[in-house]
Amino acid sequence: MAISHYLKEIGRGARGAKALSREQAADLFGQVLDGQVTDLEIGAFCIAMRIKGETAEEMCGFLDAVHARIARVSGGAPGCPVIVLPSYNGARKLPVLTPLLALLLAREGLPVLLHGMRTEARRILASDVLEALGVPALDAPQAIAPGQVAHLRTELLHAGLARLLAVREVVGLRNPGHSVTKLLNPCAGPALVVTSFTHPEYFDMLCNTFTTLRLNALLSRGLEGEVAADPRRTPRYDAFLQGTHRVVQEQQPGTAADVPGLPTEIDVQTTAAYTRRVLDGDLPVPPALARQVEHILQLSTQTTAETTP
């Protein structure tokens with residue numbers, strides 16, 4: 001049980017590195033998650049994969065390892081799958097709007113699970129905003145009711161995955177754990193994963209991963225790494241139902257010069273106050289977010305039809 005032979009394959013630089021098979025990737029990642037490798041090996045794995053980049057087959061193997069080990073939440077029912085919102089980047093320049101997206105979806109009667117953790121010290125997290133809005137974090141995975149927003153720390157899904165994400169604080173670079181957390185489905189029943197990408201070169205890999213694993217997902221360009229739509233733009237949306245891909249909306253040109261009420265400050269209390277005013281109707285829902293909610297609602301009905309026997 002060691003990963004040195006894998007490191008020899010993936011650690012030969014951008015041109016000399018070889019991709020792992022799905023089975024090899026699952027074995028490697030499983031050993032990392034289970035704590036069977038040294039800190040030095042984990043660091044070597046993270047740097048090697050950062051230079052090489054993940055293939056779809058490797059990502060499928062990494063997800064195989066995670067899905068075999070994570071704690072599961074229950075919930076979801078015919079016509080009402082759990083909407084999974086990964087949230088790991090937080091706010092950098094604009095307010096984090098993932099809590100607003102979650103609460104808008106819950107208002108439509110959907111069960112919503114937000115999972116995440118802090119991987120960069122200076123970011124404002126969606127979970128912090130939810131706490132300020134009176135939505136406490138769960139103490140353990142549990143059933144999520146229709147109309148409920150639940151948020152769960154990554155360590156409660158799997159401690160080894162949280163440890164891998166925490167490596168970023170030491171080496172300063174993302175690693176495959178960050179990609180995995182944006183794609184994983186921690187639900188025992190019907191679910192729809194809402195995810196995003198920042199760099200265009202990841203798009204094909206993500207599409208191939210969703211197709212191979214037959215996942216239910218909605219994919220778009222996110223806001224500073226978060227899954228909530230940029231309130232100033234309308235991105236392209238790609239839907240996957242049991243891996244079957246279709247484009248549900250093309251990217252719209254232009255950038256809004258102003259979003260009514262959107263604060264320039266990104267701190268927790270300001271973001272929470274803005275979110276509350278939108279939910280109360282004092283400020284309009286940004287059109288880009290309203291459109292994203294519509295896509296999720298439409299796809300959630302189709303997701304249930306696909307996943308319910």
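At what angle do helix H5 and helix H11 pack? In this predicted model, local features need pLDDT of at least 70 and side-chain atom pairs count only at pLDDT 80 or more, while totals for chains, interfaces and linings use all residues. Residues are numbered from 1 along each chain as its sequence is written, and side-chain values use heavy atoms, with hydrogens and water left out.

Helix H5 (residues 56-67) packs against helix H11 (residues 176-183) at about 70°, and their axes are 10 Å apart; helices (H or I, at least four residues) and strands (E, at least two) are DSSP runs numbered from the N terminus, and axes are lines fitted to C-alpha atoms, for helices over the stretch in contact, with angles from 0 to 180 degrees between N-to-C directions. H5 is therefore roughly perpendicular to H11, a term for angles of 65 to 115 degrees. From H5, Met59, Phe62, Leu63 and Val66 meet Pro176, Ser179, Val180 and Leu183 of H11, where contact means heavy atoms within 4.5 Å.

The model also holds an open sheet of 7 strands, ordered S3-S2-S1-S4-S5-S6-S7 with mixed pairing; two strands pair if DSSP finds at least two bridges between them. Its edge strands, S3 (149-153) and S7 (244-249), each pair on one side only. Strand S1 (residues 82-86) runs parallel to strand S2 (residues 112-116) over 4 bridges, and Leu85 stands opposite Leu114 in S2. H11 packs on this sheet, where H11 touches S1, S2 and strand S4 (191-197), and the direction of H11 makes about 140° with that of S4.

How values were computed:
Angles under 35 degrees count as roughly parallel, over 145 as roughly antiparallel, 65 to 115 as roughly perpendicular and the rest as oblique.
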